[in-house]
Amino acid sequence: MSRGTVTDVGIVGLGVISRQYLDTLLPASSVRIAAVADLDPARAAAAAEGIPGCRALTTAELLEDRSIRTVLNLTIPAAHAEVALAAIAHGKDVYGEKPLAATFADALRITDAATAAGVRVGGAPDTVLGTGVQTARAAIDDGRIGRPVSASAMWISAGHESWHPQPDFYYREGGGPLLDMGPYYVTSLVQLLGPVSAVSGASSRSRDERVIGSGPRAGEGVPVEVDTHLTGILHHASGAISTVTMSFDGVRSTAAPIEVHGVDGSLLVPDPNHFDGDVQLHTRDASWETLEPSAGYVDSGRGIGLLDLVAGGSRASGAMALHVLEIMTALAASAASGVRESLTTTVERPSLVPLTPAEHWRRL
């Protein structure tokens, strides 16, 4: 995309997360939110009223509109593949919320269809493009910890039903702590240490029903159809080994969200559910020090990956989302079978994001 070109974007799905995307995309000069669609027409109409020049359409109308070049797919995971494939069939680029699809097979269909159609696919999480993970990546690339040997990633909570008024999809296929929160951590590990060649996993489920804690359905039970605690080992092609734990069956942890260890030093990486945060480095001859941000989109938010895609970048690519999804589904398969799973996909580590102030990336 050449500088000065504006891409019309249509959003499908206007749930809770859509506001965060709009906060990033509306001030950006390279995109224009031209249309929105939702299963609830009233919600689409209300969203369109707050966006200059935006139209509230049905999903079919939005996909058929030739002026819309890129579709931002913010539907629930079970609908990701259907919407993405329809957008591709209409010749549109598509950027989707994580995971890329509810199943690896559907994700493959998306990337294969995009290749055949000559369109581009991108996918969340793009939190890894902020200054937190990117500064850690720069430290690794600069040799600050020597050869990377291992990493750990940890996310523990009691489950989203305590705050989310409609938590059902978190406990269905395409949900669970691994597919919900895992993309942030697994994508970070691939960004930091490169692609994964094999995985081993173990998982469990503490109960078969969750009780909604807020909103009009408070007190209603939600059936649990997926495992809600998973621990896994990732064997990176580089030789490094990572461990991950994702759980809806705990309460709180004091563990660092991500630690990376090399032969000459260790890094504490901030929460990859956010875009920034302190990166701390401990080398052999010094104590912990906080690194100044040295890479990443400064003060960025959800949607920065779409802006990167529109500008011709591939840092939040469909290939990355596909590889991360295969890692997670292979972990679940390994947990079910007790057998180590080899991966069929790989991905190149994207180029480092130079330290880019907000006033610059808004003009991408």
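Two strands count as paired if DSSP finds at least two bridges between them. The legends below describe close-up views of a predicted model.

**View 1. Strand 8 and strand 11 run antiparallel.** Strand 8 covers residues 196-204 and strand 11 covers residues 229-236. The two strands are joined by 8 bridges. Within this pairing, A202 stands opposite T231 of strand 11.

**View 2. A patch of negative charge lies on the surface.** The residues that gather in this patch are D276, D278, E292 and D299. One of them, E292, is placed in the loop that links strand 16 (289-291) to helix 9 (304-310). E292 has a relative accessible area of 65%, and it is classed as exposed because this value is over the 50% cut-off.

**View 3. V6 is located in the segment before strand 1.** Strand 1 spans residues 7-12. The relative accessible area of V6 is 35%; V6 is therefore partly exposed, as the value falls between the 20% and 50% limits. V6 and L309 are 303 residues apart along the chain, and their C-alpha atoms are separated by 13 Å.

Methods: Residues are numbered from 1 along each chain as its sequence is written. This is a predicted model: local features need pLDDT of at least 70, side-chain atom pairs count only at pLDDT 80 or more; totals for chains, interfaces and linings use all residues. Side-chain values use heavy atoms; hydrogens and water are left out. Patches are made of residues with over 30% relative accessible area and no salt bridge: like charges are joined within 9 Å, nonpolar side chains (Val, Leu, Ile, Met, Phe, Trp, Tyr) within 5 Å. Accessible areas come from the Shrake-Rupley method with a 1.4 Å probe; for residues, only the protein chains shown count as cover. A salt bridge is a side-chain nitrogen of Lys or Arg within 4 Å of a carboxyl oxygen of Asp or Glu. Lys and Arg count as positive and Asp and Glu as negative; His and the chain ends are not counted. The place of a charge is taken as NZ of Lys, CZ of Arg, CG of Asp or CD of Glu. Helices (H or I, at least four residues) and strands (E, at least two) are DSSP runs, numbered from the N terminus. Buried means under 20% relative accessible area, exposed over 50%, partly exposed in between (1.4 Å probe, protein chains only).
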